[in-house]
Amino acid sequence: MDRRVGVSGHAIVTGVSSGIGASIAAKLLGEGWRVTGLSRTRPSEGFGGDWVGIDLSDTAAVANLVATLDDPTAVIHAAGVQRSGRLGVLDAAHGEQMWRVHVAAAEVLVNGLADRIADGGRVVLIGSRTMTGVAGKSQYVATKSALVGMARSWAMELVDRGITVNVVAPGPTDTPMLNDPGRKSTPPVTPPLGHFIDPVEIAELVAFLLSPHARSITGQTIVQCAGTSL
């Protein structure tokens, strides 16, 4: 297989059972990528990639899994969970769960694969527009803001191999997470452009970052929020 930048190769995508991860996997499969999907829940019947069932909050399990995965051209960490709460009622277990899924899983996965990512490859972490702070979401914000610094650090470490590392930070996205009971204290607000972001839009942006046209973009956080940050 040709492993040069811009040639469809092997992408490892987390969170493929629904939402953003499922859309990214579908987009890449449609472009000829081979996709290995990691998620706790089995994807829909039409999923055309290889699926590995794993609880991404279990860092020991993720570390053990890494050794069994084929060498990737791209790694996309899209798995996510959201719990909300204000000061005075924060649940430490919720904060730990989000840290494990958003940050620790990405750290263990990319750390274990770093030497095996094809030169000129790609790493994309799905962050959140909330990374700069939102009342009632401090624990979630902490995990998503951590991805920014982690991605920039990795970009510096991998730049000599032509591997780019970026964060895509969506605003309110039309996924099952919008109606998750765990975020009932912070209901979604429609962005100024008048619509929630479609997961397909995020998948298209990720696909661009994996393309040869994005070879000069690294260490960046791209906000895709339909005007929420205005």
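The following questions and answers go through a predicted model of a protein chain.

Residues are numbered from 1 along each chain as its sequence is written. In this predicted model, local features need pLDDT of at least 70, side-chain atom pairs count only at pLDDT 80 or more, and totals for chains, interfaces and linings use all residues, while side-chain values use heavy atoms, with hydrogens and water left out.

User: What is the mean pLDDT of the protein chain, and over which residues is the pLDDT below 50?
Analyst: pLDDT is the predictor's confidence in each residue, from 0 to 100. The mean for the protein chain is 93, and 93% of its residues reach 70 or more. Where pLDDT is low, the predicted coordinates should not be read in detail. The stretch with pLDDT below 50 is residues 1-6.

User: Why is strand E5 largely enclosed by the rest of the structure?
Analyst: Strands (E, at least two residues) and helices (H or I, at least four) are DSSP runs, numbered from the N terminus. Buried means under 20% relative accessible area, exposed over 50%, and partly exposed in between (1.4 Å probe, protein chains only). Arg122, Val124 and Ile126 point one way from E5, Val123 and Leu125 point the other way, and all are buried. E5 (residues 122-126) is therefore largely enclosed, the count of buried residues being 5 of the 5.

User: Which residue stands opposite valine 75 in E5?
Analyst: Two strands pair if DSSP finds at least two bridges between them. Strand E4 (residues 74-77) and E5 pair in the parallel sense over 4 bridges. Opposite valine 75, the E5 residue is valine 123.

User: Which helix makes a right-handed β-α-β unit with E5 and E6?
Analyst: A crossover is right-handed if, with the strands pointing away from the viewer, the path from the first strand over the helix to the second runs clockwise. E5 pairs in the parallel sense with strand E6 (residues 164-170) over 5 bridges, and arginine 122 stands opposite threonine 164 in E6. E4, helix H3 (residues 92-113) and E5 make one right-handed unit. For E5 and E6, the helix is H4 (residues 138-158).

User: In E4, which residue is the bridge partner of valine 13?
Analyst: Strand E1 (residues 10-14) has 5 of its 5 residues buried. E1 runs parallel to strand E2 (residues 34-39), joined by 5 bridges, and pairs in the parallel sense with E4 over 3 bridges. The E4 partner of valine 13 is isoleucine 76.

User: With which side chain does the side chain of glutamine 82 make a polar contact?
Analyst: Glutamine 82 is found in the loop between E4 and H3 and is buried, with a relative accessible area of 3%. A polar contact is a pair of N or O atoms within 3.5 Å; within protein, one must be able to donate a hydrogen and the other to accept it, and residues adjacent in sequence count only if both atoms are side-chain atoms. At 3.3 Å, the partner is lysine 137.

User: Is glycine 127 buried or exposed?
Analyst: Glycine 127 is found in the loop between E5 and H4. Contact means heavy atoms within 4.5 Å. Leaving aside neighbours within four places in sequence, glycine 127 is in contact with residues including Lys144, Leu147 and Val167. At a relative accessible area of 6%, glycine 127 is buried.

User: Which residue caps the N-terminal end of H5?
Analyst: Helix H5 (residues 199-209) has buried residues, among them Ile202, Leu205 and Leu209. Valine 200 lies in H5 and, at 45% relative accessibility, counts as partly exposed. The backbone nitrogen of valine 200 lies 2.8 Å from a side-chain oxygen of the capping residue, aspartate 198.
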